[in-house]
Amino acid sequence: MNSAQEAQAAQLPRRIIKETQRLLSEPAPGISASPSEDNLRYFNVMILGPSQSPYEGGVFKLELFLPEDYPMAPPKVRFLTKIYHPNVDKLGRICLDILKDKWSPALQIRTVLLSIQALLSAPNPDDPLADNVAQHWKSDEPGAIRTARDWTLRFAQS
Amino acid sequence: MGVVVPRNFRLLEELERGEKGFGDGTVSYGMDDADDMQMKSWTGTIIGPPGTAHDGRIYTLRIQCGNNYPDQAPLLWFRSKINLACVDQRDGRVDPSKFPMLGQWRREHTLETVLTELRRDMASAMNKRLQQPPEGLTYN
């Protein structure tokens, strides 16, 4: 760490420092998250597409930010890689209950990222954010899965 | 140093505020292309303030939020022709050297505060009686 980062870290709540250390030292399988150099509340995240899912073989980039009132408020997370998924909209915003009303300070960055990874394995078209994608999923699941696979090949290669 | 909200999350906040609507609706804004993950191109709208030469007019602006927004000011161009001291008549650009909120940009400023300030500027003593071009003309 350089001196600017040390000064930043000194102001960071202990909870965030501990979570960050653990994310770096014991990363969850298929997930990496590292704080950006100039903002220790802002993380570059990578999630590997889970096997047996249409996202298998893809590397998905996300960004995560811990707002001022974290952990009382949930982290903010967004996909940076284009993804065809009923619970992710065109801007990469994610529909996931724990990022909204089901958030609890007992959850962590790690749990959030694991939940997003799980969402890739189990798309939920009944609680959609991207309406047309969800409709595609409900009316023609094999077709939707083909499109998701196609997008993974086109946009999610590292 | 306080908590710094990074560009993309700041723009997502502004987008949500713009979608919900705010104030009395006399200024508004939205993204041009719902697919643009970079969130660069925006359109703003200002309804001309009553009691001025702008009364009843609806002005649209093109707004660009660069990679360094909000550390750096956005760029704004009027699409609709308007006669205002801070607007370059060649292309409708809002000239930061003549519009302090852009020239002395601060991170706390937002698209909402810029548009609101432009509307206030239309009603300033310097601008409110300026003769205006016919309605419906645009810069190219």
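1. Cys95(A) is buried, with a relative accessible area of 13% (buried means under 20%, exposed over 50%, partly exposed in between, using a 1.4 Å probe and protein chains only). This is a predicted model, in which local features need pLDDT of at least 70 and side-chain atom pairs count only at pLDDT 80 or more, while totals for chains, interfaces and linings use all residues. Side-chain values use heavy atoms, without hydrogens or water, residues are numbered from 1 along each chain as its sequence is written, and chains are lettered from A and ligands numbered from 1 in the order in which they are written.

2. Staying with Cys95(A): an unreviewed UniProt entry puts the feature "active site" there. UniProt positions follow the numbering used here, feature names are shortened, and annotations may be inferred rather than shown by experiment. Cys95(A) sits in the loop between strand E4 (76-79) and helix H3 (109-121) of chain A; helices (H or I, at least four residues) and strands (E, at least two) are DSSP runs numbered from the N terminus. Leaving out residues up to four places away in sequence, Cys95(A) touches Asn87(A), Lys100(A), Leu119(A), Asp127(A) and Leu129(A), contact being heavy atoms within 4.5 Å.

3. The chain A span is 33% helix and 18% strand, with its end C-alpha atoms 37 Å apart. For the chain B span the values are 22% helix and 17% strand, and 33 Å between the end C-alpha atoms.

4. Have a look at strand E3 (residues 59-65) of chain A: six of its seven residues are buried, so the rest of the structure largely encloses it. E3(A) pairs antiparallel with strand E2 (residues 39-48) of chain A over seven bridges, where pairing requires that DSSP finds at least two bridges between the strands. Phe60(A) in E3(A) is the bridge partner of Ile47(A). E3(A) and E4(A) also run antiparallel, joined by four bridges, and there Glu63(A) has Arg78(A) as its bridge partner.

5. The helix geometry checks out for H5 (residues 141-155) of chain A: its 15 residues should span 21 Å at 1.5 Å a residue, and the end C-alpha atoms are 21 Å apart. The expected span is 1.5 Å times one less than the number of residues. Buried residues of H5(A) are Gly143(A), Ala144(A), Ala148(A) and Thr152(A), and they pack against E3 and helix H4 (131-139) of chain A.

6. Some backbone angles to check by eye. The peptide bond from Tyr70(A) to Pro71(A) is cis, with omega near 5 degrees, and Pro71(A) falls in the loop between E3 and E4 of chain A. Chain B has a cis bond joining Tyr69(B) and Pro70(B), with omega about 0 degrees; Pro70(B) lies in the loop between E3 and E4 of chain B.

7. Positive phi values next. Gln52(A), not a glycine, has phi of about 70 degrees; this residue is in the loop between E2 and E3 of chain A and is exposed, at a relative accessible area of 78%. Met39(B), also a residue other than glycine, has a positive phi near 55 degrees. Met39(B) is in the loop between E1 and E2 of chain B and is buried, with a relative accessible area of 0%.
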